[in-house]
Amino acid sequence: MAVALLAACVALAGCQQEVPATASPKKTDPGSAGAAPRAVKLVPATEATVARTVTATGTLAADEQVVLGTKVVGRLAEITVDLGSLVKQGQPVARIDTKDYQYRLDQAMAALKQARVRLGLPADGDDDRVDLAQTAVVRQAKAQLDQAQLNRDRMAQLWERQLVARAELDAAVSAFQVADGRYQDALEEVQNRQGMLLQRRSEVELARQQIADTVIASPIDGAVVERQGSVGQYLAAGAPVVTIVRLHPLRLRLSVPEREATSVRGGQPVRVSVDGDTSVYPGTVARLSPAVAEQNRTLLIEAEVPNASNRLRPGSFAKAEVVVQTDDRVVTVPMTALITFAGVEKVLTVKDGKSEEVRVTTGRRLGDRIEIVTGLKAGQPVVDSPGNLTGGQAVTVEK
């Protein structure tokens, strides 16, 4: 048994003896000293002159919006525009029925003629000048006054000669005073008739103005955004008929952050874009608020945007860039040289035959290049299109 057990242990130990295996080849570490250098292309960071802008969003608004209403009451006889209609300044857009106002004008004209005839003027005419002394009522009163004066003077002479009684002289004096009062009354009557003539003339002009006011005309160039009246509707004075907005130019209201508001000035150019339109529209800063809003610490500004083609619409949301400086010098690199990973922006340079990472802060995108705010200087070379290249790898620079 002991001999058999010993033989079994020897056989088992021989089976478990390790046999040397052929070592498998190791993968080459790109960062190891034995890795083949990778060819890269270097491009220099360049300095460019660009416009420095302040970006903001806002709303396009009409420069003017007018609600056209009626100055006179009446039935709406005609309306010539509808939603979206383009109108010119002075163009009639609606009309009130004029029959009632024509009757009033005829009545006022008849009263005017009557007033002219009472002053001794022709019934028709525009010259309302009157010589008071030549009117019939004044000439009649003047004749009676002259007769009473002669009678008084005659009685005074006869009284001095003791040829008439005192009562007759007193009666003559009283008659003269009455005639003088009638003469003054005649003058006042003519002046009253002159005033009445002016009143009648004003009534005629008022009636004519009311007829003119039956035509509702647009005070501005623009377009109809709402139609509130309908033909046949009886309208009170001031009732709205149509609403018109001016389309050229438009006002763009922007809220600029307080930290950038100090660089915004009146007259600076503005580049405006709207959603769904690839065009960029020019504008100009026209007005600035005198105070910063405490709620959101922004400054309200208004820019005027020309819109002669009517492509922009009031009420649209717009993005704008206010050009606050036209000769801002910045450092730029190609977009293909920028590496972004986990929110970290960097570029690669070459030092002592190896790639080296440089963290940067970027700014505006300028076509196929991007602004480098911090991290690089003009002329410093960076790796273009680094791909999966990382810092510390051996590289060779392509000529």
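What follows is a chat about the helices, strands and loops of a predicted model.

Me: Let's start with helices. At what angle do H3 and H4 cross, and how close do their axes come?
Reply: In this predicted model, the axes of helix H3, residues 136-160, and helix H4, residues 166-213, come within 8 Å and cross at roughly 160°. Because an angle over 145 degrees counts as roughly antiparallel, that makes H3 roughly antiparallel to H4.

Me: And is that crossing left-handed or right-handed?
Reply: The crossing of H3 and H4 is left-handed. If you sort the residues in the contact of H3 with H4 by class, you find 18 nonpolar, 3 polar and 7 charged ones.

Me: What about H2, how does that one pack with H4?
Reply: Helix H2, which covers residues 99-118, packs with H4 at an angle of about 160°, and their axes are 8 Å apart. That makes H2 roughly antiparallel to H4, and H2 passes H4 in a left-handed crossing.

Me: Which residues meet there?
Reply: On the H2 side they include Tyr 101, Leu 105, Met 109, Leu 112 and Arg 116, while on the H4 side they include Glu 189, Leu 197, Val 204, Arg 208 and Ile 211. By class, the contact of H2 with H4 has 11 nonpolar, 2 polar and 9 charged residues.

Me: OK, switching to strands. Is E10 mostly covered or mostly open?
Reply: Strand E10, residues 240-245, is mostly covered, with 5 of its 6 residues buried.

Me: Which strands pair with E10, then?
Reply: Strand E3, residues 65-69, pairs with E10 in the antiparallel sense over 5 bridges, and in that pairing Gly 69 stands opposite Pro 240 of E10. Strand E8, residues 222-227, also runs antiparallel to E10 and is joined to it by 4 bridges, with Val 224 having Ile 244 in E10 as its bridge partner.

Me: I also spotted the sheet with E21, E1 and E22. In what order do they come?
Reply: These 3 strands form an open sheet in the order E21-E1-E22, and the pairing is mixed. Strand E21, residues 381-384, and strand E22, residues 395-397, stand at the edges with a single partner strand each, so one side of each is left without a neighbour in the sheet. Direction ignored, neighbouring strands of this sheet are turned by 50° against each other on average.

Me: In what sense do E1 and E22 pair, parallel or antiparallel?
Reply: Strand E1, residues 38-44, and E22 pair in the parallel sense over 3 bridges, and here Val 40 stands opposite Val 397 in E22.

Me: Which residues other than glycine have a positive phi?
Reply: Arg 297 has a positive phi of about 55° although it is not a glycine, and Asn 310 has a positive phi near 60°.

Me: Where do those two sit?
Reply: Arg 297 is found in the loop between strand E13, residues 281-293, and strand E14, residues 298-305, whereas Asn 310 is in the loop between E14 and strand E15, residues 317-334.

Key. Residues numbered from 1 in each chain as written. Predicted model: local features only at pLDDT ≥ 70, side-chain atom pairs only at ≥ 80, totals over all residues. Heavy atoms only, no water. Axes fitted to C-alpha atoms, helices over the stretch in contact; angles between N-to-C directions. Parallel < 35°, antiparallel > 145°, perpendicular 65-115°, else oblique. Left-handed = near helix turned anticlockwise from the far one by under 90°. Nonpolar A, V, L, I, M, F, W, Y, C, P; charged D, E, K, R; others polar. Contact = heavy atoms within 4.5 Å. Buried < 20%, exposed > 50% of the residue type's maximum accessible area, 1.4 Å probe, protein only. Pairing = 2+ DSSP bridges.
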